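Please open the model in a viewer and keep the selection panel at hand.

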Amino acid sequence: FVLGGVQTALSAPRHRLIGSAQRLGATALISVDPTKVQARRGASNTFTSGSGHLVSRPSIAASPQAGDTNGLGDLFVHDRAATASKRPILIVPGMGSCYKLSCFLFGIDCDPDDWDWTPLPQGGTAEQLYKPLIDQLAAAGYTQQDHLVTVVFYDWRKPLSESADRLKDKISEVKNQTGAAQVDLIGHSMGGIVARAYVQGPSDAGDVAHLVLLGSPNKGAAKTYPYWEGLYLYRLLPEEYTVLTTLVYYFVRTGGPLALDIFRREIPSFQELLPTEDYLRVDDKDHGDPPVRESDMKQRNPYLAQLNSDLSTLFARTDVSALVGDHLDTPVRFYVRERPWWDWPYWDDGKPSWSRQDEFLQAAGDGTVPRASTGLPSPAHVVPFSGVNHSELPMNHEAIDTVFAALGIPKVAPLQPSTG
């Protein structure tokens, strides 16, 4: 068949390529069925042409691309040369955005490539938080079909260093698919810390041109404290609600008094989101509510502290932009008292005085992460968005425009809703 002006032959193990069924930009839908209909499920594995310019891959999804209406799996052919001028973009979503319930409940180590977007309590899935950004990138010529946009699902329960290793593998995969030497990373919330862990870590290959952080807790988030110390679900985000309520209920139901130990063993990433600066105060108004030194606490976050001790490496390896929500009531501190004996083993560093919970909040953040935590020192480009909450950052139109500017992508007109 002919694609991009070059005649190239590709072979499939069970079928013969017989011609282009439809050309859509740099991606074509190819028939591999002897009856000249679009491919059925399991048509072939992935192949590369002799020149290395073309890559074929199967998809068993029904109608995964506009113009594909047969409802069957198809073989897609990607022309690397057509996208060589664009840097691929990898989007790393936040904690709780993806899941596989069977893996969570039965302790199975599943491949995150097989995970799904998390259901939201109000309906829909966490995909809708990222869809405006993905759609706008597609309008600018950055599509998932051409591997110019890749959403990286990862097991957010695991240590951030392991998630960074997975991101490394996905970056290598995308570079191989596109022939690009570098990529751009967009990390939302925990996803931004995962991206930082890769760039600052020993596996970095100098292949990240730009890093955009959306509401990432660079100095931790105080709201993590009740989770990690008390197995207490506090101010859950929509994308967190389904998975965390299910997991905590399961741990309590099956673990009883050992539930906290099980939680810490199964989701160690929560510890790596604890604040790295002072955020507790002793509930003692008569003595001015004296602060608790973070360095004196039993439950601390050495991983993020180490990452922040080496910001020079981050800035030397990539250009960094941090988009932050601001001016919303956000947990910034907890007033605590010594736990009563019956609360053991919870609250190692003090039980929050819930009668003062209104004082935990300050209009200085995105409702989840304090403004002081999301920012980074110069030369990072920090852009605040007043009144934009944590979950809204990836889909806020002004924030998306700022992402485009940070990545050097020309602004395009907003996409119109499909009527088909």
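Which residue in E16 is the bridge partner of valine 212? Select valine 212 and serine 321: serine 321 is the partner in E16. Before continuing, note that this is a predicted model, in which local features need pLDDT of at least 70, side-chain atom pairs count only at pLDDT 80 or more, and totals for chains, interfaces and linings use all residues. Residues are numbered from 1 along each chain as its sequence is written, and side-chain values use heavy atoms, with hydrogens and water left out.

**The whole chain**

Display the protein chain as a cartoon; it has 11 helices and 21 strands (DSSP runs numbered from the N terminus, helices being H or I of at least four residues and strands E of at least two). Of its 420 residues, 52% count as buried (buried means under 20% relative accessible area, exposed over 50%, partly exposed in between, with a 1.4 Å probe and protein chains only).

**The open sheet**

Select next the six strands that form an open sheet with parallel pairing, in the order E11-E8-E12-E13-E16-E21 (two strands pair if DSSP finds at least two bridges between them). At its edges, pairing on one side only, are strand E11 (149-151) and strand E21 (381-386). Neighbouring strands are turned by 15 degrees against each other on average, direction ignored (axes are lines fitted to C-alpha atoms, for helices over the stretch in contact, and angles run from 0 to 180 degrees between N-to-C directions).

Within the sheet, select E12 (residues 183-188) and E13 (residues 208-214), which are joined in the parallel sense by six bridges; glycine 187 stands opposite leucine 213 in E13. Move on to E16 (residues 319-326), where seven of the eight residues are buried. Strand E16 runs parallel to E13, with five bridges between them, and parallel to E21, with six bridges. Aspartate 326 has serine 386 in E21 as its bridge partner.

**The nonpolar core**

Select Ile91, Leu137, Trp156, Leu167, Leu185, Ile186 and Phe334: these have the most contacts inside the largest nonpolar core, a set of 96 residues (buried Ala, Val, Leu, Ile, Met, Phe, Trp, Tyr and Cys residues joined through side-chain atoms within 4.5 Å). Helix H4 (residues 190-200) supplies the largest share of this core, seven residues. Centre on leucine 185: beyond its neighbours within four places in sequence, its contacts include Leu90, Leu167, Ile171, Ala195 and Val199 (contact means heavy atoms within 4.5 Å).

**A helix pair**

Select H2 (residues 127-139) and H11 (residues 397-407), which pack at an angle of about 45 degrees with their axes 10 Å apart. Pro132, Leu133, Gln136 and Leu137 of H2 make the contact with Ile400, Val403 and Phe404 of H11.

In H7 (residues 259-266), select the buried residues Ala259, Leu260, Ile262, Phe263 and Arg264. Their cover includes helix H5 (224-230) and helix H6 (238-255).

Finish at leucine 273, in the loop between H7 and strand E14 (280-282). Is leucine 273 buried or exposed? Leucine 273 is buried, at a relative accessible area of 8%. Among its contacts beyond four places in sequence are Met95, Met190, Pro217 and Asn301. Lysine 219 is 54 residues from leucine 273 in sequence, yet 7.9 Å apart in space, C-alpha to C-alpha.
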